[in-house]
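Good morning. I will take a few minutes to walk through one structure, piece by piece. Please look at it on the screen first.

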Amino acid sequence: MSYPIETQNLTKIYQEGKIEVTAVQPADLTLQEGEVVGLFGPSGSGKTTLLSILGCILKPSGGTLKIYGHEVSSLDEGRLPAIRKEYISFIFQGFNLFPALTAFENVLLGLRMKGMVGKNAEQRTAAMLVEVGLGERMHFLPRDMSGGQRQRVAVARALSADSPIILADEPTGNLDFANGRKVMELLKQLAAEQKRCVVVATHDNRIEDIFDRTIYMEDGRISRIKRSSP
Ligand SMILES: Nc1ncnc2c1ncn2[C@@H]1O[C@H](COP(=O)(O)OP(=O)(O)OP(=O)(O)O)[C@@H](O)[C@H]1O
Ligand SMILES: [Mg+2]
């Protein structure tokens, strides 16, 4: 049986000239289908680094990472995009929207990159933007939107693809309580109904009750894992 994500002794050491920064200390994790996992920890504790490795954006320095049974830690860098395309949607901490494209075009491009085109892709794009409360602003450029609205475009882009793994870096960081809650409930619903595996790095204690499991990081180390009581 293969899991969406499995790691063993996963580590990341950044080399800054002569200085080494250990951003992730040996981590053993098994993440299941249908599970919504929170990744908590102070600034600099390694959340983005760990999430980027799980998302096959960053190569680990050591240990193994398996995505649905595929051992990706030993693959060439050139093979990673194919793995990402098939399995992973990533919501970046800085949104990574294309500034010259409207909200609609940003989401549509995300679908194109996953291989979905035509009327279907357009309908799904519109539906997703309505879902995150941006129905009225579909044709705005990022610069004409607030931080929270941009964040919701990034969320819509990630969720519109059918990827079985959704990784989100501070997806509610710029959102007020109601909109943050809405985004998290959407993620929870996708996990439950479509058996997706969702990992959310966050500081946001207001959404802590949403998670099936919460992983706490301190100085790159997983210090505690809490499972919510059913
Ligand atoms: N490209 C890099 N080169 C060197 N060190 C880095 C690099 N990226 C991150 N680090 C270091 O690795 C550690 C973990 O950083 P990371 O961005 O993963 O933290 P984080 O928990 O996501 O923080 P935040 O909550 O502020 O987003 C920090 O000490 C950081 O300075
Ligand atoms: Mg971060």
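**A surface residue to start**

I19 is exposed, with a relative accessible area of 55%. By exposed I mean over 50% relative accessible area, by buried under 20%, and by partly exposed anything in between, with a 1.4 Å probe and protein chains only as cover.

Before going on, some housekeeping. This is a predicted model, where local features need pLDDT of at least 70, side-chain atom pairs count only at pLDDT 80 or more, and totals for chains, interfaces and linings use all residues. Residues are numbered from 1 along each chain as its sequence is written, chains are lettered from A and ligands numbered from 1 in the order in which they are written, and side-chain values use heavy atoms, with hydrogens and water left out.

Back to I19, which sits in strand β2, residues 19-31. Together with Y14 and V21, I19 makes a nonpolar patch on the surface, and the accessible area of the three is about 260 Å². A patch takes residues with over 30% relative accessible area and no salt bridge; nonpolar side chains (Val, Leu, Ile, Met, Phe, Trp, Tyr) are joined within 5 Å, like charges within 9 Å. The areas come from the Shrake-Rupley method with a 1.4 Å probe, and for residues only the protein chains shown count as cover.

Next, a covered helix. How many of the eight residues of helix α1 are buried? Seven of them, so helix α1, residues 47-54, is mostly covered. The buried ones are K47, T49, L50, L51, S52, I53 and L54. After α1 comes C56, with a positive phi near 60°.

G41 is buried, at a relative accessible area of 15%. Setting aside neighbours within four places in sequence, G41 is in contact with K47, T202, H203 and M217, where contact means heavy atoms within 4.5 Å. The C-alpha atoms of G41 and R224 are separated by 10 Å, although the two residues are 183 residues apart along the chain.

Now a pair of helices. Two packed helices are described by the angle between their axes and the distance between the axes. For α5 (residues 147-160) and α6 (residues 177-194), the axes come within 12 Å and cross at roughly 5°. That makes α5 roughly parallel to α6. Angles under 35 degrees count as roughly parallel, over 145 as roughly antiparallel, 65 to 115 as roughly perpendicular, and the rest as oblique. The axes are lines fitted to C-alpha atoms, for helices over the stretch in contact, with angles from 0 to 180 degrees between N-to-C directions. Which residues meet between α5 and α6? From α5 there are R152, V155 and L159; from α6 there are N179, V183, L186, L187 and L190.

On to charges. The structure holds 10 salt bridges, a salt bridge being a side-chain nitrogen of Lys or Arg within 4 Å of a carboxyl oxygen of Asp or Glu. One of them joins R181 and D209, at 2.7 Å from N to O. R181 lies in helix α6 and D209 in the loop between β8 (197-201) and β9 (213-218), so this pair ties together parts that are 28 residues apart in sequence. Is R181 buried or exposed? R181 is buried, at 17% relative accessible area, whereas D209 is exposed, at 53%.

R143 and D144 also meet in a salt bridge, at 3.9 Å from N to O. R143 is exposed at 65%, and D144 is partly exposed at 46%. D144 is in the loop between α4 (118-131) and α5.

Another salt bridge links E218 and R221, with the closest N and O atoms 3.9 Å apart. E218 is partly exposed at 42%, and R221 is partly exposed at 39%. Elsewhere, salt bridges that share partners join R124, D162 and R196 into one network.

Last, two asparagines. N9, in strand β1 (residues 5-16), has a positive phi near 50°. N96, in the loop between β6 (88-91) and α3 (103-113), also has a positive phi near 50°.

Definitions and conventions. Helices (H or I, at least four residues) and strands (E, at least two) are DSSP runs, numbered from the N terminus.
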